[in-house]
Amino acid sequence: MLVVESETCPKEQGAGKCSREAQLLPLVEQRFVSAPMIEDGVDIGPARFILSDHFELTLKDGWIRRYDLVRLLKFEKGVPIVDETIRSKDCDPKNTATPCEERIDAAEKRPLVFKDGVFIAPRSAWTRTRLENTTQVPAGE
């Protein structure tokens, strides 16, 4: 198995900073090949992972909730594991002197099973967090 780390950058210069990503290339018949990833039964494309990401929501009470993702790719007994940690913080934009309220929303390890030329994994915590928070605007706590 070959792990390739690289950066993906916005097409327009100055449009944002580049993101680090990792891609898994299994060795098949003495060649490293791109393999698709099936996450929770859905083909999401090549086995490629953004290693850090974030998004923000404006809550109904006007506070800003920021979610931050950090992923690490590890191997345990030859099996690739995606270690995913999601932290969030709620900030009052009207009172910047007050510290934001921080918490860990998820910390998961997802094994990636390589079978029949495909990586298979459960849905990531990051995907679940984004889906849950884009379908409804959460109320502040």
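**Strands, turns and salt bridges**

In strand β13, alanine 121 is the bridge partner of glutamate 39. This is a predicted model, in which local features need pLDDT of at least 70 and side-chain atom pairs count only at pLDDT 80 or more, while totals for chains, interfaces and linings use all residues. Residues are numbered from 1 along each chain as its sequence is written, and side-chain values use heavy atoms, with hydrogens and water left out.

Strands here are DSSP runs of E with at least two residues, numbered from the N terminus. Two of them count as paired if DSSP finds at least two bridges between them. Strands of a sheet pair through backbone hydrogen bonds, either parallel or antiparallel. Strand β5 (residues 36-39) pairs with β13 (residues 118-121) in the parallel sense, over three bridges. Strand β12 (residues 113-115) and β13 run antiparallel and are also joined by three bridges. Here phenylalanine 114 stands opposite phenylalanine 119 of β13.

The hairpin of β12 and β13 has two residues between the strands, and aspartate 116 takes a positive phi near 55° in it. Most residues other than glycine have a negative phi. Aspartate 116 is exposed, because its relative accessibility is 73% (exposed means over 50% relative accessible area, buried under 20%, and partly exposed in between, with a 1.4 Å probe and protein chains only). Aspartate 40 is not a glycine either, yet has a positive phi of about 55°. Aspartate 40 sits in the loop between β5 and β6 (42-46), and its relative accessibility of 46% makes it partly exposed.

Another part of the model is an open sheet of three strands in the order β1-β2-β7, with antiparallel pairing. Its edge strands, β1 (2-8) and β7 (48-50), each pair on one side only. From one strand to the next the twist averages 25° (axes are lines fitted to C-alpha atoms, and angles run from 0 to 180 degrees between N-to-C directions). Seven bridges join β1 to the antiparallel strand β2 (residues 19-25); in one of these strands, β2, leucine 24 is the bridge partner of valine 3.

What joins the side chains of arginine 48 and glutamate 21? They meet in a salt bridge of 3.5 Å, N to O, where a salt bridge is a side-chain nitrogen of Lys or Arg within 4 Å of a carboxyl oxygen of Asp or Glu. Arginine 48 is in β7 and glutamate 21 in β2, 27 residues apart. Glutamate 21 is buried at 12% relative accessibility, whereas arginine 48 is partly exposed at 39%. Arginine 48 has a polar contact of 2.9 Å with the side chain of glutamine 23 (a pair of N or O atoms within 3.5 Å; within protein, one must be able to donate a hydrogen and the other to accept it, and residues adjacent in sequence count only if both atoms are side-chain atoms). Glutamine 23 lies in β2 and is buried, with a relative accessible area of 12%.

The whole structure has 14 salt bridges. One of them joins the side chains of glutamate 39 and arginine 110, at 3.1 Å from N to O. Glutamate 39 lies in β5 and arginine 110 in β11 (residues 101-111), so the pair ties together parts that are 71 residues apart in sequence. Both residues of this pair, glutamate 39 and arginine 110, are buried.

Methods. Helices (H or I, at least four residues) and strands (E, at least two) are DSSP runs, numbered from the N terminus.
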